[in-house]
Amino acid sequence: MGSTGLNAPGSDLRGAVINMEMGLTSRTPSAQELLALGSVEAPYGRLPAAVLGRDGTLTALAQANAADHARIHVLAGMGGVGKTTVALSTAQRAKEYGVEVFWIPAGSATAVADGMRHAALLSGAPAEHVAHAWEKGGRPAADLAWRHLAALDRPWLLVFDDADDLDVLSCPGAAVADATGWVRPPVGRSQGVLVTTRDGNERSWGGRIAHFHRLEVLEPEFAGRLLQELAPKAGHTDSAMALADRLGFLPLALHLAGTYLDMAHGDPLAEAQTFTEYVAALGDSPMLLDDATEGVHGDLRSEEERARRTIAGTWELSLSLLERQGTAHARGLLQLLSCFAPTASLPNALLAPSTVAALGIWPTGLPPRAIRTSLSGLRRFGLIGVDTRSTEPVYQIHRLVAEVSVAPLLAEPGDYREVWDSAADLLVAATPYMENPRDPSSWPAWQGLIPHWLVMMRRLPRRGTAADDRLNGVLIGAGVAVSYLHFRGEYAESCGLADEALERARSAEAAPWVRVNIRRHRAVAVEELGNLKEAESELDRIVEECVTQFGAADSTTLSVRYQRARVTSQRGKLNEAEREYDEVIRHETRLFGAEAATTLRSRHGRAICIRSMGRLDEAADEGRQVLKGLRAQLGEKHPDVLEAQHEFAISLRDQGQNERAEEVFRQVLQLEEEVLSLEHPSTLITRANLASTLMLRKEFTAAEAEIHAVLDARTRILGPDHPETLDARHTLAILQMRQGELDAKSAATVFAELTAAQRRQLVDDHPNVLVGRKSHAAALRSLGELTESESEYRSILDAATARHGEHHPVTLNARFEWAMALGSVGRTEDAVSEMRKVLALQERVLGSSHRNVASVRASLGTLLLQQGRLAEAEEHLRRALNALPGDDSSCLDVRHDLVAVLHARGNLREAIRQLREIAHEERQRSGPTHPDAISARNSLGVALKDFGSLDEAAAVYREALKDAACKHSDNQPLVLTLRRNLLVHLYEASRERTFEDATTKAKELTERLAA
């Protein structure tokens, strides 16, 4: 609305009107009569007991008035943000210091003119001058008021409140920035000129006369406190904070909610009496907020003034003003934007003016400039803002503005069909559905779109008719969004969006291939979430439907069959999975060619499958070819290439090339962190495998750092019972046990719990389950429960043999562990016999120089040593040592056993020399408390005692026992062995006459060391 000042005195000055027809003029009203026509007293009664969260703004205003005396202070912010409260608090503080406050309601030109007339009179302007100037109106009246304000002999503060339409502050022929209208910079003894407005356009004020203060919503802490002060019996801090967040921390909304809850306390029929109940009630109707204004009597403010105190009314005023100012499409645009997620930013792709202008909601041929103007208008009044925290500035609608705006669209969707259709069209247009969501280069285009897809699927009205082109397009876009989430590793969100889209697709009888695509990606997400059984069942159903609808060799069918083969392989059904892979590859080779990326991806899956079957060389060769082909097709950084390179690192580790495997894992990890993200599932898998490789190299500190990072991320993202989380917990437990940080009893409990959790997700003979059981058996052996351990190892061997056959690596490993268990219970003949079988089978599959073969040969040498067959034991141990790489972590263990052979043959001097070296290396490598370091010193003590160096032997025992006491309990076999050896030494070397005396002394010494 354009202002003309006050061009006629109006009905309030009827007595001063010149009656031209009669040639008569009435008398000029007195100052008292004019003052009686209005008031500039500030409405201090609206102030709350305390103004929370605005200290910074209030201080800034006070300091600005002192330091920046020549400027108008503009307090700008959206409706309901608390501008008037801040202005009132400023006025209250000024009044307390003896400052005269002129409070001018600025909702209209008439109100401003009336208020300034009052200020002029209070400043000493003669009544007749005022009457004459106000008769002319406009600038003469403004000049008169400011002359007398400038001459006022006392400090004063001028406040223009609710000046949303800045035209009301100017005069005809001038702009606000000219400083010649009703609002001007401070003069004389002024303590400041303050304007509150929703219009945040700083350009309206020019660059010289105004200082801007933007008022935002409250900080969470203060918003929660405000609710608790308004409704102290409605709940605790956490629930108050939850409600404050739900209300977007908007002061007006907080005040209305708190007032309602205070009134509702004790009312059994109230919709809500607590903060938590209020949050739930808001889900049904955001208009519940305005209930706090009902039943209030004695309120004679104008309709507009009352509207400012309600949620629905305050923003309606802003939209009406924009329409009066010529921004015709602001209301429709706000409705359109409210259809999207209320808490998410609006990506620039969603607000492209040319795309928005072409929607069916507008008149044909609407220029994009009209959309830009509407966006600018909504932003000026704070109904939308700019989020600068993202990589590029994007618009964001306030949550409560969105919910209030969308409420009528949700209540009566039929009345707003064009709006909903346009919102759906806009989201589909912004979605990069023509790009491959598997390719990370397409991911930036998805930035910020997913929350809007989730909301659109829930809100889009149901028409009760079969899917038309628009709905099919929406469902296609939703399916691509589901696949994007899957490839990004956001599996729970992928399932959630898929469920919403599938429900809509089924009810509208969408095209079959549309449903299949969504179901396929949902099944993959379920697989990645760890529910392999459900994923396999769903993929079986999808394959059956695809074969019926499209045929067994159709590309859509093949993509689902590939996923089914992958899940089948993960469940351990390896023969079945290989057959499915072979069929898929045969058809894909015919359709796309052997070197096409699609075919290579299937070949990669098959290589993983046959590696799990023990065909290591074949798998490694196929993996190299796939990696080469994918690199040529997709480049170095594509996820498929990184996955193939990761598989190559695993094959290196399987072949005993741990140093090279670590190098490749680190290369893959660096690229995955760059391309995918630090916590993408593929990145975490690589870190977990890097940790395992570091463990094999006995770089325990580095390994622990990696596995802790993996476990923390998986627990947070996937949950504590996901198979991958359980796998990380298992790896960490093994690492802690090897470092002596987890005693055998605690380890046995941990491994039993992990195995039980794995069995709930996987088949009983799944490799992961068997690995967990093996670790539990190893912990039992460390506890000295040798019979139970041997029985468990035998059970594991039976399960592995039934599942994989005798020659599978899993079976051979199980037989190896059982053979070692047989040796621990004294069945050394059986143990040696089984170990010879394992060695022969390993040599046949892997060759005599393979690391795994060397490890088995070393273990056979250890068993032969127990039997006293020293020559054969030494032969196997030396062959094993020669076959192992020099930096292999097993070399020290083999050297330790070779020293035992020297010791048994009586070559004590050489045995002692080598044991000193081994003990030193173990301490350097693993630390003094590690079981291997303690075991090496125990062997050194035994050799020194047998050599006759009793004092040095005792010193070695004491040192080892002291270190063991730091991390190992007294009943651990390792500690018991040390105590026994020390006891024997004390008995032989001391003067005690009885064995009991020696025992007592050894026990006392051990207790002192432990203390």
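Predicted model: local features only at pLDDT ≥ 70, side-chain atom pairs only at ≥ 80, totals over all residues.
At its start, a side-chain oxygen of Asp-554 reaches to within 2.8 Å of the backbone nitrogen of Thr-556. After the helix comes Gly-572, with a positive phi near 90°.

Next, the aromatic rings. The whole structure holds 6 aromatic pairs. One of them joins Trp-146 and Trp-156: their ring centres are 6.0 Å apart and their planes lie at 65°, so the pair is edge-to-face. Trp-146 sits in helix α6 and Trp-156 in strand β5, so the pair ties together parts 10 residues apart in sequence. Trp-146 counts as buried at 5% relative accessibility. Trp-156 is buried as well, at 0%.

Trp-446 and Tyr-484 make a stacked pair, 4.9 Å centre to centre with 10° between the planes. Trp-446 lies in the loop between α17 and α18, and Tyr-484 in helix α19, so this pair ties together parts 38 residues apart in sequence. Trp-446 is buried at 1% relative accessibility, and Tyr-484 at 5%.

Ring pairs also link Phe-102, Trp-146 and Trp-156 into a cluster. Elsewhere, a charge meets a ring: the charged end of Arg-794 sits over the ring of Trp-818, 4.5 Å from its centre.

Last, the cysteines. The structure holds 0 disulfides. Cys-546 is buried, with a relative accessible area of 0%. Cys-891 also counts as buried, at 10%.

How values were computed. Residues numbered from 1 in each chain as written. Heavy atoms only, no water. Polar contact = N/O pair within 3.5 Å; in protein donor to acceptor, adjacent residues only side chain to side chain. Helix = DSSP H or I, 4+ residues; strand = E, 2+ residues; numbered from the N terminus. Disulfide = S-S within 2.5 Å. Buried < 20%, exposed > 50% of the residue type's maximum accessible area, 1.4 Å probe, protein only. Phe/Tyr/Trp six-rings, centres within 6.5 Å; stacked < 30°, edge-to-face > 60°. Lys NZ or Arg CZ within 6 Å of the ring centre and 35° of its normal.
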